[in-house]
Amino acid sequence: MKKFLSLILALLGFSLSLGAQESVIPNMDPNAADIKFETEVLDYGLIEYDSNGFREFKFTNTGKSPLTITSVSGECGCTTTSFEGKPGWPTEPILPGKSGVIRVKYDTKREGKFEKNVTVTSNAKYSTKRIRIKGEVKAKPASGG
């Protein structure tokens, strides 16, 4: 009985570890769209408290079919990808060889270092792509008095 229980626990642990891996099955269509970013990590560097948190990820459709981005999402409320009710990414298909930008905004009223993932979902060869922002926001200035 102990061996059976140990086997079940081992199999459960193994299956959970497999599920934790990022596994994205590629689209095997040789004519599929493909998204290539100029950089997959945007480094804000050391920035002032409450400064401009907008940045842009530039990309090109390096595939053979039009690229359609269906969603872009930050991993927490501190990273915004939609502005004034509109998405910060192209809503029209991006033709092969053409480029576009994905706009993101980090809340610079949060002091300290940050590193956040942004998930891009599309019809590209790999349907899910993670890009990242990082940097450090200086401490809030002391108010004079």
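Trainee: What share of the chain's 145 residues counts as buried?
Mentor: The share is 28%. Buried means under 20% relative accessible area, exposed means over 50%, and partly exposed lies in between (1.4 Å probe, protein chains only). This is a predicted model: local features need pLDDT of at least 70, side-chain atom pairs count only at pLDDT 80 or more, and totals for chains, interfaces and linings use all residues. Residues are numbered from 1 along each chain as its sequence is written, and side-chain values use heavy atoms, without hydrogens and water.

Trainee: Why is threonine 119 called buried?
Mentor: Its relative accessible area is 19%. The cut-off is under 20%, so threonine 119 counts as buried. Threonine 119 sits in strand β9, residues 112-122. Leaving aside neighbours within four places in sequence, it has contacts (heavy atoms within 4.5 Å) with Ser71, Val72, Ser73, Thr128, Lys129 and Arg130.

Trainee: What makes a run of residues a strand or a helix?
Mentor: Both are DSSP runs, numbered from the N terminus: a helix is H or I over at least four residues, a strand is E over at least two. This chain has 1 helix and 10 strands. From the N terminus, the order is α-β-β-β-β-β-β-β-β-β-β.

Trainee: Why can we say that β1 and β3 pair?
Mentor: DSSP must find at least two bridges between two strands. β1 and β3 (residues 54-61) have 3 bridges, so they pass. They run antiparallel. One example is lysine 36, whose bridge partner in β3 is threonine 60.

Trainee: How do you know that β3 pairs with β8?
Mentor: Use the cut-off again. β3 and β8 (residues 99-106) are joined by 7 bridges, and they run antiparallel. Arginine 55 has valine 104 as its bridge partner in β8.

Trainee: What makes β1 and β5 the edge strands?
Mentor: Start with the sheet. It is open, has 4 strands in the order β1-β3-β8-β5, and its pairing is antiparallel. β1 (35-37) and β5 (79-80) each pair on one side only, which puts them at the edges. In general, strands of a sheet pair through backbone hydrogen bonds, either parallel or antiparallel.

Trainee: Why is the link between cysteine 76 and cysteine 78 called a disulfide?
Mentor: The two sulfur atoms are 2.3 Å apart. A disulfide is a pair of cysteine sulfur atoms within 2.5 Å, so the pair qualifies. The structure holds 1 disulfide. Its two ends fall into separate classes: cysteine 76 is partly exposed at 27%, whereas cysteine 78 is buried at 2%.

Trainee: Which residues touch the most other members of the largest nonpolar core?
Mentor: Ile69 and Ile102 do, in a core of 25 residues. A nonpolar core is a set of buried Ala, Val, Leu, Ile, Met, Phe, Trp, Tyr and Cys residues joined through side-chain atoms within 4.5 Å. β1, β2 (41-47), β3, β4 (69-74), β8, β9 and β10 (128-137) each supply at least two of its residues. Isoleucine 102 has contacts beyond four places in sequence that include Phe37, Phe57, Phe59, Ile69 and Val120.

Trainee: What does the side chain of glutamate 111 reach?
Mentor: It reaches the backbone nitrogen of lysine 140 at 3.0 Å. Glutamate 111 lies in the loop between β8 and β9. Its contacts outside four places in sequence are Tyr49, Val137, Lys138, Ala139 and Lys140.

Trainee: What stands out about the phi of aspartate 50?
Mentor: It is positive, about 60 degrees, although aspartate 50 is not a glycine. Most residues other than glycine have a negative phi. Aspartate 50 lies in the loop between β2 and β3. Glutamate 84 also has a positive phi, about 50 degrees, and is not a glycine. It lies in the loop between β6 (82-83) and β7 (86-87).

Trainee: How exposed is each of them, aspartate 50 and glutamate 84?
Mentor: Aspartate 50 has a relative accessible area of 46%, so it is partly exposed. Glutamate 84 has 83%, so it is exposed.

Definitions and conventions:
Polar contact = N/O pair within 3.5 Å; in protein donor to acceptor, adjacent residues only side chain to side chain.
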